[in-house]
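Hi,

Here is the structure I said I would pass on. Have a look at it first, and then read on for what turned up.

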Amino acid sequence: MKILNVYRSEPDATTKKLVEIVTRDREADSFKLNVDAPDYDKLVDKIFAADQTICWW
Amino acid sequence: MAKSLGIFVTNPDNFRHVMGITKAAKAKGSKVKVFFTWTGTHCAKKEAEFPALCKLADDVSICLDSYGKQGYDRNDVPAGLEPSKMATQAQHGAIIEDYDCYISL
């Protein structure tokens with residue numbers, strides 16, 4: 001199971017803890033949407049490579 | 001064959017990401033369906049590029065009930081959208097059931 005964590009804002013302590021919990025013993029990747037010009041091509045590649053994508057607010 | 005992608009939109013501030021992801025996915029040959037619900041339905045009336053999204057994506061629909069609850073006339077179909085695409089949450093279910101990948105924005 002590979003999980004992609006997409007961040008809509010800078011993760012706070014709670015988000016970091018939740019990410020740690022849901023990705024425990026799993027392969028994980030991440031992508032930051034909270035930048036001026038996200039590389040959407042790269043994001044789509046990551047979505048397609050993952051088994052599950054989680055967007056964090 | 002590229003995977004298909006469903007995009008579930010609940011937030012009106014994410015439209016640029018919806019467009020960016022849809023363009024990137026279509027460039028890879030992916031089938032893309034976008035469903036707008038709750039405050040995300042504002043995008044249908046307030047985003048100038050909404051009609052362009054409807055042309056670009058394979059399927060765009062919005063939750064009619066949410067659209068009405070956000071204050072819009074349920075008979076005022078947004079530019080670019082077919083009246084039949086003013087739909088129910090079943091469209092969300094269709095994304096989950098029928099598409100390879102899913103992202104919520």
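Let me start with a charged pair inside chain A: Lys32(A) and Glu10(A) make a salt bridge, with 3.2 Å between the closest N and O atoms. This one ties together distant parts of the chain, since the two residues are 22 apart: Lys32(A) belongs to strand β2 of chain A, while Glu10(A) lies in the loop between β1 and α1 of chain A. As a general point, side chains of opposite charge can pair when their charged atoms come close. Over all chains, the count comes to 13 salt bridges. Do keep in mind that this is a predicted model.

Next, the sheet in chain A. Three strands make an open sheet here, ordered β2-β1-β3 and paired in parallel. The edge positions go to β2 (27-32) and β3 of chain A; each has a single partner strand, so one side of each has no neighbour in the sheet. From one strand to the next, the twist averages 20°. β1(A) and β2(A) run parallel and are joined by six bridges, and Ile3(A) is found opposite Ala28(A) in β2(A). Packed on this sheet is helix α1 (residues 13-22) of chain A, which touches β1 and β3 of chain A, its direction making about 170° with that of β3(A).

Leaving out residues up to four places away in sequence, Lys2(A) touches Glu27(A), Asp29(A), Ala49(A), Ala50(A), Asp51(A) and Gln52(A). Its C-alpha atom is 27 Å from that of Asp36(A), which is 34 residues away along the chain.

Chain B has an open sheet too, built from five strands in the order β4-β3-β2-β1-β5, with parallel pairing. β4 (86-87) and β5 (101-104) of chain B are at the edges with a single partner strand each, so one side of each is left without a neighbour in the sheet. Strands β2 (residues 32-36) and β3 (residues 59-63) of chain B run parallel, with four bridges between them; Phe35(B) is opposite Ser61(B) in β3(B). Helix α1 (residues 15-27) of chain B packs on the sheet and touches β1 (5-9), β2 and β5 of chain B, at about 165° to the direction of β2(B).

Now for how the two chains meet. On the chain A side 16 residues are in contact with 19 residues of chain B. About 1500 Å² is buried between the chains, 63% of it from carbon and sulfur atoms.

One salt bridge brings together the side chains of Asp45(A) and Lys28(B), at 2.8 Å from N to O. On chain A, α2 (40-49) and β3 (52-56) each supply at least two residues of the side that touches chain B, and α2(A) has the largest share, with seven residues. By type, the residues on that side of chain A are eleven nonpolar, one polar and four charged.

Cheers

How values were computed
Residues are numbered from 1 along each chain as its sequence is written. Chains are lettered from A and ligands numbered from 1 in the order in which they are written. This is a predicted model: local features need pLDDT of at least 70, side-chain atom pairs count only at pLDDT 80 or more; totals for chains, interfaces and linings use all residues. Side-chain values use heavy atoms; hydrogens and water are left out. Contact means heavy atoms within 4.5 Å. Buried area is the accessible area (1.4 Å probe) that two parts lose on being put together, summed over both. A salt bridge is a side-chain nitrogen of Lys or Arg within 4 Å of a carboxyl oxygen of Asp or Glu. Ala, Val, Leu, Ile, Met, Phe, Trp, Tyr, Cys and Pro count as nonpolar, Asp, Glu, Lys and Arg as charged, and the others, Gly among them, as polar. Two strands pair if DSSP finds at least two bridges between them. Axes are lines fitted to C-alpha atoms, for helices over the stretch in contact, and angles run from 0 to 180 degrees between N-to-C directions.
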